[in-house]
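Thanks for coming. Please have the structure open while I talk.

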Amino acid sequence: MKPEVYQVMFTHQSSYWLHRGLYKLMEVFIKRNLKGTDNKILDAGCGPGGNFSLLSKYGKLYAVDASEHAVKYASSLNLASEIKQGTVEALP
């Protein structure tokens, strides 16, 4: 993906209708299936961190993305314990 696309995603990830809808669906699923706040959570393919505010409420959040640009934006949110550049096929 072009680097400038990550800036657009980062800027609009909390207001874009698709992200807001998916966030609400994830929240319902997580509340039904995840208990407590001491979980270890991996956001694989985290992009610029749009799910971090929700996921971090339920435990220690780790994240990975193949894009160095995504990792840069996601890291700026300061919500994950650790964010690495990599893929799920070869986790760092």
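Let me start with helix α4, residues 68–75, whose buried residues are Ala-70, Val-71, Tyr-73 and Ala-74. Buried means under 20% relative accessible area, exposed means over 50%, and partly exposed is in between, with a 1.4 Å probe and protein chains only. Helices are DSSP runs of H or I of at least four residues, strands are runs of E of at least two, and both are numbered from the N terminus. Seen down the axis of α4, the buried residues fall within an arc of 165°, so they line one face of the helix. That arc is taken from the directions from the helix axis to the C-beta atoms.

A word on the source: this is a predicted model, where local features need pLDDT of at least 70 and side-chain atom pairs count only at pLDDT 80 or more, while totals for chains, interfaces and linings use all residues. Residues are numbered from 1 along each chain as its sequence is written, and side-chain values use heavy atoms, with hydrogens and water left out.

Back to α4. Which exposed residues sit on the face turned away from its buried side? They are Glu-68 and Lys-72. The cover over the buried residues of α4 includes α1 (3–12), α3 (52–55), β2 (59–65) and β3 (82–85).

Next, strand β1, residues 39–44, which contains Asn-39. Is Asn-39 buried or exposed? Asn-39 counts as buried because its relative accessibility is 16%. Leaving out residues up to four places away in sequence, Asn-39 touches Leu-34, Tyr-58, Gly-59 and Lys-60, where contact means heavy atoms within 4.5 Å. The covered face of β1 holds Asn-39, Ile-41 and Asp-43, and the uncovered face holds Lys-40, Leu-42 and Ala-44. β1 runs parallel to β2, and six bridges join them; strands pair if DSSP finds at least two bridges between them.

Rolling a probe the size of a water molecule over the atoms shows where empty space is left. The largest pocket holds about 370 Å³ of space. Among the 20 residues lining this pocket, Gln-13, His-19, Gly-49, Gly-50 and Asn-51 are the closest to its centre. Which helix gives the largest share of the lining? That is α2, with five residues. Both α2 (17–33) and α3 supply at least two residues of the lining.

Methods. 1 Å grid on protein atoms, 1.4 Å probe; cavity = no way out; pocket = protein on both sides within 12 Å on 5 of 7 lines; lining within 4 Å. Points joined across faces, edges and corners; volume = space filled by probe spheres on them.
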